[in-house]
Amino acid sequence: MASVDISAPDVPGPPAPPPSTPPEPAGTVARRRRLRTTRRRATGLLLAVTLGFVAVELWGGDTEPVGYLEAMLEAAMVGALADWFAVTALFRHPLGIPIPHTAIIPTRKDQFGHTFGDFVQSSLLTPEAIAERVHSARVVPRLAAWLADPPNAARLARHLADASVTIADLLRDDEVHGALEEAARRRIETTPLAPVAGRTLALLTQDGRHQEVLDVTLRAVDRFLRENEPSLRARFADEAPWWLPGAVEDRIFERLLDGAANLLHQVAEDPEHELRRNVDARVLRLVDELQSSPEMRARGEELKAELLSQPELREWVARVWSDVKTGLREQADDPRSELRRRLADAIAALGIRLRDEPPLAARAEHAIETGVRYVADQFSDEIGGIVSGAVARWDGRETADRLELLLGPDLQFIRINGTVVGGLAGLLIHAVGQAL
């Protein structure tokens, strides 16, 4: 015995609201309204000649003028019906009947898309056509005028600063640390330390510049002795023998302090002092040894190897990258920052140069034309594929609707013209027949 389901029947809930569709753009609404208007005119004209033909058949009689009118109306109906069938067959099956070779656009849209993509690729977006368009559009003068405008330069500087922050954030810190450390290691390993230090020291001591450093050092030592006299006196007292009287200690300390101060003053005031000549000789000897001595070179390589073996190098690289990112972000967020100001100044200066220097503008235009030619030549297949792929993604009915909105009003005028031309052709043919 079959079981009977006695559970409570499903009670239908409230109907689900229909999915909301975004409103059509104003341009699409206007084109759809124009299409309806022209379609009504064409259909109304067909209906008018049809009613006129019926009226002539019923009440027109057999006179010769009625024959001309009848021929004209009959041919107008034929022309109107033929053009209606042709126009309708492009977008749908006439009267919903699946007649062969109708609804051409929905059924053959992929082929149309491929053909249109080939046409765009081979005839519209050719390297020559794009380069000519770029040249006639005066891209460089317009770009120069835009860049030279300070508000535009500031706006572009802000975008460039934000882009640099985004790029820095996209990079992985560990990979950047490794790349920077590797670059630093490679640079240090391939650079002999001692000769570089020798050349640097020679540059610093050129024209007696080291004497200025010595003067600063002498003044600093003299100031240190005067400012720290109490602590130096106490330290001397601690180091002096216990049996030495305090007055003697003070006298010895003062003599030492005065002697050191006098020596510092003599060296500072006498450019030819023996101590200065001694310093000169030692510096020159050090410069020569750093650049030519094998022992100094070997010692420099040992120091370099010791430096590279320290883990602090990786930490230093990480701190440098972190400081760079932090500084870049702060500079990008501040409208008055040095980075954004310098970027804006550089952009405005570039615009002024492009505007005022014809050779530079010519080179820039040539570079742009070369670039667009290269893109159009290297990516022509992709350009055609974009067009055909976009059409292939459209629904057949959607494609027909889009094209009908675009071409439909003109095609409806073809129906009107077909009605008029058909009527005139029928009248002419009837007249020729009567004349013959």
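Colleague: What does Asp169 count as, buried, exposed or in between, with a relative accessible area of 40%?

Modeller: Asp169 is partly exposed, given that buried means under 20% relative accessible area, exposed over 50%, and partly exposed in between (1.4 Å probe, protein chains only). Before going further, note that this is a predicted model, in which local features need pLDDT of at least 70 and side-chain atom pairs count only at pLDDT 80 or more, while totals for chains, interfaces and linings use all residues. Residues are numbered from 1 along each chain as its sequence is written, and side-chain values use heavy atoms, with hydrogens and water left out.

Colleague: Which residue meets Asp169 in a salt bridge?

Modeller: Side chains of opposite charge can pair when their charged atoms come close. The rule used here asks for a side-chain nitrogen of Lys or Arg within 4 Å of a carboxyl oxygen of Asp or Glu. Asp169 meets the side chain of Arg329 in this way, at 2.5 Å from N to O. The pair joins distant parts of the chain, with Arg329 in helix 15 (residues 312-333) and Asp169 in helix 7, 160 residues apart. Arg329, at a relative accessible area of 32%, is partly exposed. Helices here are DSSP runs (H or I, at least four residues; strands are E, at least two), numbered from the N terminus.

Colleague: How many salt bridges does the rule give, and which of them links helix 1 to helix 19?

Modeller: The count comes to nine salt bridges. One of them is formed by the side chains of Arg39 and Glu404, 2.7 Å from N to O. That pair also spans distant parts of the chain, since Arg39 belongs to helix 1 and Glu404 to helix 19 (residues 396-435), 365 residues apart. In another case, Glu357 pairs with Arg353, the closest N and O atoms being 3.3 Å apart, and here Glu357 is partly exposed at 31%, as is Arg353 at 41%. Salt bridges can also form a network, and one such network links Glu338, Arg341, Arg342 and Asp345.

Colleague: Which residues make up the largest nonpolar core?

Modeller: A nonpolar core is a set of buried Ala, Val, Leu, Ile, Met, Phe, Trp, Tyr and Cys residues joined through side-chain atoms within 4.5 Å. The largest one has eleven residues, namely Val140, Ala144, Leu147, Ala153, Ala157, Ala344, Ile347, Ala348, Leu354, Leu360 and Ala361. Helix 6 (139-148), helix 7 (150-170), helix 16 (338-356) and helix 17 each give two or more residues to this core, and helix 16 contributes the largest share, four residues. Apart from this core lies another, of nine residues, including Val49, Phe53, Leu73 and Ala80.

Colleague: What does Ala89 touch beyond its neighbours in sequence?

Modeller: Ala89, in helix 2 (residues 64-91), counts as buried at 6% relative accessibility. Setting aside neighbours within four places in sequence, Ala89 is in contact with Pro94, Thr102, Ala103 and Ile104. Ala89 and Ile99, ten residues apart in sequence, lie 8.9 Å apart in space, C-alpha to C-alpha.

Colleague: How many helices and strands does the protein have, and what percentage of its residues is buried?

Modeller: The protein has 19 helices and zero strands, and buried residues make up 26% of its 436 residues. Among contacts with a separation of 6 or more, 73% are between residues 24 or more positions apart.

Notes: Contact means heavy atoms within 4.5 Å.
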